[in-house]
Amino acid sequence: MTNMDDTTINKLVLLLADEMTKRIYGIHKNQDRNDLTYYADKDEDHMIGELARLMTLMNLYEDREEYEKCAAVKKHLDKVNKIVENL
């Protein structure tokens, strides 16, 4: 049995995680992961995911009392809510 140091184990874990992600998302081996954007297969699912992201940002900004950012996020939330209502 080969003894591995923490650095080697961490590299192995990253390689395994990378390969698992590629298999899950059907990414070809020659594709650069930095150029990928993941979307849900249904518009409604994607919009609901976007709502969740925006609500998370809103909560973070409220906790930090960054109210100008909250206002900007609120505008986007309203737009996405209208889209979801029309789907």
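Which residues make up the largest nonpolar core? M47, L51, L54, M58, Y61, C70, V73, L77 and V80 do, 9 residues in all.

## About the model

This is a predicted model, in which local features need pLDDT of at least 70, side-chain atom pairs count only at pLDDT 80 or more, and totals for chains, interfaces and linings use all residues. Residues are numbered from 1 along each chain as its sequence is written, and side-chain values use heavy atoms, with hydrogens and water left out.

## The core

A nonpolar core is a set of buried Ala, Val, Leu, Ile, Met, Phe, Trp, Tyr and Cys residues joined through side-chain atoms within 4.5 Å. Buried means under 20% relative accessible area, exposed means over 50%, and partly exposed lies in between (1.4 Å probe, protein chains only).

The largest share, 5 residues, comes from α2. Helices here are DSSP runs (H or I, at least four residues), numbered from the N terminus.

M47 belongs to this core. Leaving aside residues up to four places away in sequence, M47 touches V80, I83, V84 and L87. Contact means heavy atoms within 4.5 Å. In soluble globular proteins, nonpolar side chains tend to be buried together.

## A nonpolar surface patch

Some nonpolar residues lie on the surface. M4, I9, L12, V13 and L16 form a patch there, with about 420 Å² of accessible area together. Such patches take residues with over 30% relative accessible area and no salt bridge, with nonpolar side chains (Val, Leu, Ile, Met, Phe, Trp, Tyr) joined within 5 Å. Areas come from the Shrake-Rupley method with a 1.4 Å probe; for residues, only the protein chains shown count as cover.

V13 sits in helix α1 (residues 6-25). Its relative accessibility is 47%, so V13 counts as partly exposed.

## Salt bridges

The count comes to 3 salt bridges. Each needs a side-chain nitrogen of Lys or Arg within 4 Å of a carboxyl oxygen of Asp or Glu.

E50 and R53 meet at 2.8 Å, N to O. They are 3 residues apart in helix α2, so about one helical turn separates them. E50 is partly exposed at 22%, and R53 is partly exposed at 43%.

K74 pairs with D78, with the closest N and O atoms 2.7 Å apart. These two are 4 residues apart in helix α3, so about one helical turn lies between them. K74 is partly exposed at 40%, as is D78 at 33%.

E66 bridges to K69, with the closest N and O atoms 3.2 Å apart. E66 is partly exposed at 25%, and K69 is partly exposed at 40%.

Key
Patch = residues over 30% accessible without salt bridge, like charges linked within 9 Å, V, L, I, M, F, W, Y side chains within 5 Å.
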